[in-house]
Amino acid sequence: MSLLGPVEIRELADRLDIRPTKKLGQNFVIDGGTVRRIVRVAGLRPDDVVIEVGPGLGSLTLALLPEVRGVVAVEIDPVLAAQLPLTVAEHAPELADRLTVVHADAMRVLPGDLPEDQPTALVANLPYNVSVPVVLHLLETMPSLRGILVMVQAEVADRLAATPGSKIYGIPSLKAAWYADVRRAGPVGRTVFWPVPNVDSGLVAMTRREPPVTEASREEVFAVVDAAFAQRRKTLRAALASWAGTAAAAERALRAAGIDPTQRGEQLSIEDFARIAEKRI
């Protein structure tokens, strides 16, 4: 099996008349060392089924196929979706039967759209403009996912992995923490992409865990999170007034949950927000 090199990637793009677009957040990885590193850091097992979002021209796909039982590549671009099986057949014919291509929007794809053998891991170079919504959507709709390693904009990676008390801790951090333990898994330089982006990238690793024990639903907990950060400079008593009905009602819920009403949202864990959601009257 051979990986795609920078020259091959550009030649393939020319042949397909593909130009990476900002609209789809496309920046293709052209460095073989980087895709090997992603696969290594992902800690995949031979029996894993990987869902890859936005496989593009297939550089990461080719690195994943030898390591796992199957790769389900979700690609929104019809030209790229049609080309990927041909690329794999050319560069790794012995592994072609491990690939399934799903031509779909990852923001709308559901388990029923995928093969019966559901994915156990998400490994992807995610389009910058939809990275957080895609991760949260897949975590919500695909309980079979146990591990995640995604490459995203460095700022997004920092926000996803942020902990309470940090200035960048917020909605993405908390919603990701509902599903998983999240950590930064290393930086990625700009020159490994084509075209070269004007921002740095980073790897984020997630390990699925049980959500907080609470009588509140995920939707109810996320509603409190959204309300708290809609006005993040305000105290929780003020920020949650519309959610609770009045500031006084918000204070009652906060005190019942053991939370100081003068605190701000960035000081609380997802478990704290789950307790607040439970105490709404």
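These legends walk through several close-up views of one structure.

The model is predicted, so to speak from the start: local features need pLDDT of at least 70, side-chain atom pairs count only at pLDDT 80 or more, and totals for chains, interfaces and linings use all residues. Residues are numbered from 1 along each chain as its sequence is written, and side-chain values use heavy atoms, with hydrogens and water left out.

**View 1. Seven strands line up in an open sheet.** Reading across, the order is E4-E3-E2-E5-E6-E9-E7, with mixed pairing. (Strands are DSSP runs of E with at least two residues, helices are runs of H or I with at least four, and both are numbered from the N terminus; two strands pair if DSSP finds at least two bridges between them.) E4 and E7 sit at the edges, each pairing on one side only. On average, neighbouring strands of this sheet are turned by 20 degrees against each other, direction ignored. Axes here are lines fitted to C-alpha atoms, for helices over the stretch in contact, and angles run from 0 to 180 degrees between N-to-C directions. For an antiparallel stretch, look at E6 and E9, joined by seven bridges; there, Gln 153 has Ser 201 in E9 as its bridge partner.

**View 2. Strand E3 (residues 70–75) is mostly covered.** Strand E2 (residues 49–53) runs parallel to E3 and is joined to it by five bridges, with Val 50 partnered by Val 71. E3 also pairs with E4 (residues 99–103), again in the parallel sense over five bridges, and here Val 72 meets Thr 100 as its bridge partner.

**View 3. Helix H2 (residues 32–42) packs on the sheet.** H2 touches E5, E6, E7 and E9, and its direction makes about 155 degrees with that of E7. Its buried residues are Gly 32, Thr 34, Val 35, Ile 38 and Val 39. What covers them includes helix H3 (59–64) and strand E1 (28–29). Another helix, H5 (residues 131–141), lies across E2, E5, E6 and E9, running at about 165 degrees to E6.

**View 4. Trp 178, Tyr 179 and Phe 222 form one aromatic cluster.** Rings of Phe, Tyr and Trp (its six-membered ring) pair if their centres lie within 6.5 Å; planes under 30 degrees apart count as stacked, over 60 as edge-to-face and the rest as tilted. The structure holds three aromatic pairs. Trp 178 and Phe 222 make an edge-to-face one, 5.9 Å centre to centre with 75 degrees between the planes. Trp 178 is in helix H7 and Phe 222 in helix H8 (residues 218–230), so this pair ties together parts 44 residues apart in sequence. Tyr 179 and Phe 222 are edge-to-face too, at 6.3 Å and 80 degrees.

**View 5. Lys 175 is a buried lysine in helix H7 (residues 171–179).** Lys 175 counts as buried because its relative accessibility is 13%. Its side chain makes a polar contact of 2.9 Å with that of Asp 226. (A polar contact is a pair of N or O atoms within 3.5 Å; within protein, one must be able to donate a hydrogen and the other to accept it, and residues adjacent in sequence count only if both atoms are side-chain atoms.) Leaving aside neighbours within four places in sequence, Lys 175 is in contact (heavy atoms within 4.5 Å) with Leu 136, Phe 222 and Asp 226.

Methods
Buried means under 20% relative accessible area, exposed over 50%, partly exposed in between (1.4 Å probe, protein chains only).
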